[in-house]
Amino acid sequence: MYVMMRKTSSTTAKSGEATVNTPFRKALMSLTVVVLTVIATITAVRQTAARSLTAWSAAWTASTMYLLPSVLLSASGFPASATLSGRIGLPAAADAVSPQQRLSSIGYLPSAVITGKSRQAAAALAPAGAAESAEPARPGPADRWPFERPWIVAHRGVSMHAPENTFAAFDLALREGADFIELDVRRSRDGRLVVIHDATVDRTTNGRGRVADLPWEELNRLDAGSWFSPAFSGQPLPLLEEVLDRYTGKIGLLVELKEPDAEGELAGLLIRRGLQNGLENRLIVQSFHADSMHRLRKLLPELQIGVLTGQTGKKPTEKDLDRFAAFADFINVRLDLADAGLVRRIHERGALTLVWTVRHAVEVGRLLQAGVDGIVTDDPALVPRERGQGGSREMS
Ligand code: G3P
Ligand code: CA
């Protein structure tokens, strides 16, 4: 009975509650639906906004951190590919700097040359790769040097009768009617091109030490004449630029570059003086360092260039001759190696040959017979006068 009464009571209560609350519950459910809809809408809107913001933010980051620097760098000449591949600190073409850019970067080339105002400058400004891919076209030797040969070349000036590589020896060569003055060039500690043969000043001056260790200020104080004779006391060591200024146009110059790597300085010096054209200025640069002369050929396509060979007492091989003749106008050989066969092989390759160094009259006849193009001698008087016309007379 007790159980029945409780069950009935409960049923009655539930039934009465449902009846009483139905409108309220409907309103509550509607409100809930509305609230949930609003919440869902707000969430969706926020998520969309967040996605958009992320995308915009990423775009901004990319443009400022990546694209903008790329644009700016490429506008400034920096390779964009290097930027895009992350090589910010190392330009892709860092090792492809042309010799001309190196010259200008270290102050050897004047601004007029950099802006390409002459044909020589335009050639000098060609990219290094272009110069390497093709040797400059050159006319044959007869066209290059329309002056009667063989020439008399005064070795270090008239070094038999005046101190070698001084103005006194060079002036004597001019007076004696030599066709060329031969001179040697080395680099001082401060990069000046000084006219001297030996690596040290010990033999031919009153000083001591290596030329490469001495600044020009000290070298310029040395006496380069007294060692030869008191009559030449006070002769200074000349600078190459002084020799160029004093003798160009009066006599030919055969400049021997003793340094293996000074062709850049030499090219800059010649460009600054407008002396790039070897034929016009009767100027030849030669060296035992063939690679240096090859580089010089690329820097100054119109210069006259020579390679010295035979220093070790061996004749150049066919391969040597082919290699030198590919870029040099002259293949100059040591006296004891010069014969008709070697002269012919040099001529067959379109080059000329100057033979060094004659110190005795008896050596001259054989060289003339062999057909050499020039005789380098300590004393021009050893070579018969009737054999040719003085080069200096033709230039005046
Ligand atoms: O002209 C070549 C000749 O001068 C090379 O020998 O020692 O006198 O410079 P060297
Ligand atoms: Ca020499």
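Biologist: What makes strand S1 (residues 151-155) and S2 count as paired, and which way do they run?

Modeller: This is a predicted model. In it, three bridges join S1 to S2. Pairing takes at least two bridges, so these strands pair. They run parallel. In one place, Ala154 stands opposite Ile181 in S2.

Biologist: What do S1, H8 and S2 make together?

Modeller: They make a β-α-β unit, and a right-handed one.

Biologist: Why is that unit called right-handed?

Modeller: Point the strands away from you and follow the path from S1 over H8 to S2. A clockwise path is called right-handed, so this unit gets that name.

Biologist: Which other strands does S2 pair with?

Modeller: Six bridges join S2 to S4, and the two run parallel.

Biologist: What lies between the strands in the hairpin of S2 and S3?

Modeller: Five residues lie between them. In this hairpin, Gly191 takes a positive phi near 85 degrees.

Biologist: How do you know whether S4 is enclosed or open?

Modeller: Count its buried residues. Six of the six residues of strand S4 (residues 252-257) are buried, so S4 is largely enclosed by the rest of the structure. Gly252, Leu254 and Glu256 point one way, while Leu253, Val255 and Leu257 point the other way. S4 also has four bridges to strand S5 (residues 283-287), and these two run parallel. Leu254 has Ile284 as its bridge partner in S5.

Biologist: How many residues of S2 are buried?

Modeller: Six of its eight, and S2 is mostly covered.

Biologist: What makes Arg295 partly exposed rather than buried?

Modeller: Arg295 has 19 other C-beta atoms within 10 Å. Buried takes 20 or more, and exposed means 12 or fewer. The count of 19 falls in between, so Arg295 is partly exposed. Arg295 is found in helix H13 (residues 290-299).

Biologist: How do you know whether H13 is enclosed?

Modeller: Seven of the 10 residues of H13 are buried, so this helix is largely enclosed by the rest of the structure. Among the buried ones are Met293, Leu296 and Leu299.

Biologist: How far apart are the C-alpha atoms of Arg295 and Phe327?

Modeller: They are separated by 9.4 Å. Along the chain, the two residues are 32 residues apart.

Biologist: Why is Arg156 called buried, and where does it lie?

Modeller: Arg156 has 26 other C-beta atoms within 10 Å. The cut-off is 20 or more, so Arg156 is buried. It lies in the loop between S1 and H8.

Biologist: What makes the phi of Arg156 stand out?

Modeller: It is near 60 degrees, a positive value in a residue other than glycine. Most residues other than glycine have a negative phi. Arg282 also has a positive phi, near 50 degrees. Arg282 is placed in the loop between helix H12 (278-281) and S5. With 25 other C-beta atoms within 10 Å, Arg282 is buried too.

Biologist: Where are the peptide bonds called cis?

Modeller: One joins Arg149 and Pro150, with omega about 0 degrees. Pro150 is found in the loop between helix H7 (141-144) and S1. Another joins Trp356 and Thr357, with omega about -10 degrees. Thr357 lies in strand S8. Most peptide bonds are trans.

Biologist: Which residues are around ligand 1?

Modeller: They are His155, Glu182, Asp184, His197, Glu256, Leu308, Trp356, Thr357 and Val376. Strand S2 (180-187) and strand S8 (354-358) each give two or more residues to this shell. By class, the shell has three nonpolar, three polar and three charged residues.

Biologist: Which residues have the most contacts inside the largest nonpolar core?

Modeller: Val153 and Ile181 do, in a core of 77 residues. Helix H8 (residues 167-175) gives the most to this core, with six residues.

Biologist: What is Ile181 in contact with, leaving aside its neighbours within four places in sequence?

Modeller: Its contacts include Ala154, Phe170, Ala173, Ile251 and Leu254. In soluble globular proteins, nonpolar side chains tend to be buried together.

Methods. Residues numbered from 1 in each chain as written. Chains lettered and ligands numbered in written order. Predicted model: local features only at pLDDT ≥ 70, side-chain atom pairs only at ≥ 80, totals over all residues. Near = placed C-beta within 6 Å. Nonpolar A, V, L, I, M, F, W, Y, C, P; charged D, E, K, R; others polar. Core = buried A, V, L, I, M, F, W, Y, C linked by C-beta atoms within 7 Å. Contact = placed C-beta atoms within 7 Å.
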